Amino acid sequence: MSEEDKDLSRRMLPMFFEACASKGVDPFSEPVEWIPGFMGSTSCGAGLTLKSFSCDTTIPGLFAAGDMANQGLVMGAIAGPGGINLGWALVTGWKAGEGAAEACEGQAQLPVDEAQIAALKEKTFAKFGHKGHMSVGDAIYRIQSLTIPAKYNIIRSEASLREALAGLDEVERDIEANVAVRDMHELMLYHELHGMLATARLTFTSALQRKESRGSHYREDYTETDGEHWNVWLKSSFKDGKIVVEAEPIPLEKFERYGLDVLPR
C-alpha cells in the first residue's frame with residue numbers, strides 16, 4: 001500500500017489500529033490473524049430513534065432493539081474490535097422486551113378495524129402470481145451490486161452516491177414490471193425487496209447530504225471532518241412518498257454523562 005492509502009486506512013479504522021498498536025503489531029509489515037464476522041449496523045448509527053432506556057421509539061407503541069435501534073451512544077463509531085454490536089443487541093433486546101411488557105400492562109385490547117385489515121390484505125397479495133422473467137434472487141443481486149461495492153459503501157462521492165440512487169430507481173422499475181412471484185415464499189421476498197430498496201435510499205440520501213468524512217462515512221470530495229457544521233445527527237424518513245433528511249444537534253450531555261467525548265468540538 002502507498003503511504004497515502006495507509007494513512008487513509010488509519011483514519012477509517014482507528015479502533016483497529018489502536019488495538020494493534022497496544023500489542024506492538026504493525027499490520028502493514030506482518031501478518032495479522034483474522035476471522036470474518038458480522039458487525040451489525042451499530043457503527044453507522046442506523047435504526048429507529050430510541051426515546052429512553054426502555055427502548056421505546058418516536059413511533060408510539062413501537063419498541064426496537066439491535067440493528068433496528070439507535071440510542072446514539074454508539075452512533076458515528078468505527079468498525080473494528082470491541083464487541084459493541086453483540087452487547088448492544090443483548091441489552092436492547094432485554095430492555096425492549098421489558099419496556100413493551102410494561103407498556104402493555106393494564107391496556108385494553110384495541111378494536112379490530114376490518115376495513116384496514118382488508119386493505120392491508122389486498123396490498124400484501126396484489127403481486128401474488130405475477131409472471132416475469134426476473135427472479136427474486138436476480139433482484140437481490142442487482143440491489144447488492146449498488147450497495148456493496150467500495151465506491152458506494154466505503155469510499156463515496158457525490159457522483160457515486162447519485163449513481164447508486166439512480167440505479168436503485170431503475171431496479172425498482174424492473175422489479176415491478178418483471179419480477180416473478182410464484183408462491184408465498186417469493187411473495188415474502190418480494191416485499192423484503194422494497195425494504196432493501198428503502199434502506200439503501202435512506203442511507204445514500206443521508207450520506208449525500210453529509211458533506212464531510214466522519215467515522216465509517218468517508219467521502220472523496222469532502223475528506224475532512226467538519227465539526228463546525230456537521231456535529232449533528234441526520235435523521236431520514238419517508239414523508240408523502242419522498243425522503244426527508246433532518247439535522248438534529250447532538251445532545252452532548254448524553255455523552256458527557258458517560259465521560260465520552262464528541263469529536264471534533
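**Note on a predicted model: cores, salt bridges and surface**

1. Ala 200 counts as buried, at 7% relative accessibility; here buried means under 20% relative accessible area, exposed means over 50%, and partly exposed covers what is in between, with a 1.4 Å probe and protein chains only. Ala 200 is placed in helix α8. Helices (H or I, at least four residues) and strands (E, at least two) are DSSP runs, numbered from the N terminus. Leaving aside neighbours within four places in sequence, Ala 200 is in contact with Thr 147 and Leu 168, where contact means heavy atoms within 4.5 Å. Between Ala 200 and Leu 168 there are 8.2 Å in space, C-alpha to C-alpha, and the two are 32 residues apart in sequence.

2. This is a predicted model, in which local features need pLDDT of at least 70 and side-chain atom pairs count only at pLDDT 80 or more, while totals for chains, interfaces and linings use all residues. Residues are numbered from 1 along each chain as its sequence is written, and side-chain values use heavy atoms, with hydrogens and water left out.

3. The protein chain holds nine helices and six strands. Of its 265 residues, 30% count as buried. Among contacts between residues at least 6 apart in sequence, 58% join residues at least 24 apart. The accessible surface of the chain comes to about 16600 Å², and 58% of this belongs to carbon and sulfur atoms. Accessible areas come from the Shrake-Rupley method with a 1.4 Å probe; for residues, only the protein chains shown count as cover.

4. Which residues touch the most other members of the largest nonpolar core? They are Ile 143, Leu 168, Ile 175, Val 179, Tyr 190, Leu 193 and Phe 204, in a core of 23 residues. Two or more core residues come from each of α5 (136–144), α7 (158–178) and α8 (184–209). Helix α8 gives the largest share, nine residues. A nonpolar core is a set of buried Ala, Val, Leu, Ile, Met, Phe, Trp, Tyr and Cys residues joined through side-chain atoms within 4.5 Å. In soluble globular proteins, nonpolar side chains tend to be buried together.

5. Ile 175 is one of the residues named for this core. With neighbours within four places in sequence left aside, Ile 175 is in contact with Lys 127, Met 134, Ala 139, Ile 143, Tyr 190, Leu 193 and Leu 197. Another core, of six residues, lies apart from the largest one; Leu 50, Ala 64, Ala 69 and Ala 96 are among its members.

6. How many salt bridges does the structure hold? There are 14, a salt bridge being a side-chain nitrogen of Lys or Arg within 4 Å of a carboxyl oxygen of Asp or Glu. One of them joins the side chains of Asp 174 and Arg 142, at 2.8 Å from N to O. Asp 174 lies in helix α7 and Arg 142 in helix α5, so this pair ties together parts that are 32 residues apart in sequence. Asp 174 is partly exposed at 22% relative accessibility, and Arg 142 is partly exposed at 24%.

7. In the salt bridge of Glu 212 with Arg 214, the closest N and O atoms are 2.5 Å apart. Both Glu 212 and Arg 214 are buried.

8. Glu 248 and Lys 235 meet through their side chains in a salt bridge of 3.0 Å, N to O. The pair ties together parts that are 13 residues apart in sequence, because Glu 248 lies in strand β6 (residues 242–249) and Lys 235 in strand β5 (residues 232–239). Glu 248 is partly exposed, with a relative accessible area of 32%; Lys 235 is also partly exposed, with 22%. Elsewhere, salt bridges that share partners join Asp 169, Glu 172 and Arg 201 into one network.

9. Is Thr 57 buried or exposed? Its relative accessible area is 3%, so Thr 57 is buried. Thr 57 lies in the loop between β1 (48–49) and β2 (69–70). Its side chain reaches the backbone nitrogen of Ile 59 at 3.1 Å and the backbone oxygen of Leu 62 at 2.9 Å. Not counting residues up to four places away in sequence, Thr 57 touches Leu 48, Thr 49, Leu 50, Lys 51, Leu 62, Phe 63 and Ala 64.

10. On the surface, Leu 86, Leu 90, Val 91 and Trp 94 form a nonpolar patch with about 460 Å² of accessible area together. Patches are made of residues with over 30% relative accessible area and no salt bridge; like charges are joined within 9 Å, and nonpolar side chains (Val, Leu, Ile, Met, Phe, Trp, Tyr) within 5 Å. Trp 94 is found in helix α3 (residues 84–104) and is exposed, with a relative accessible area of 55%.

Notes
Polar contact = N/O pair within 3.5 Å; in protein donor to acceptor, adjacent residues only side chain to side chain.
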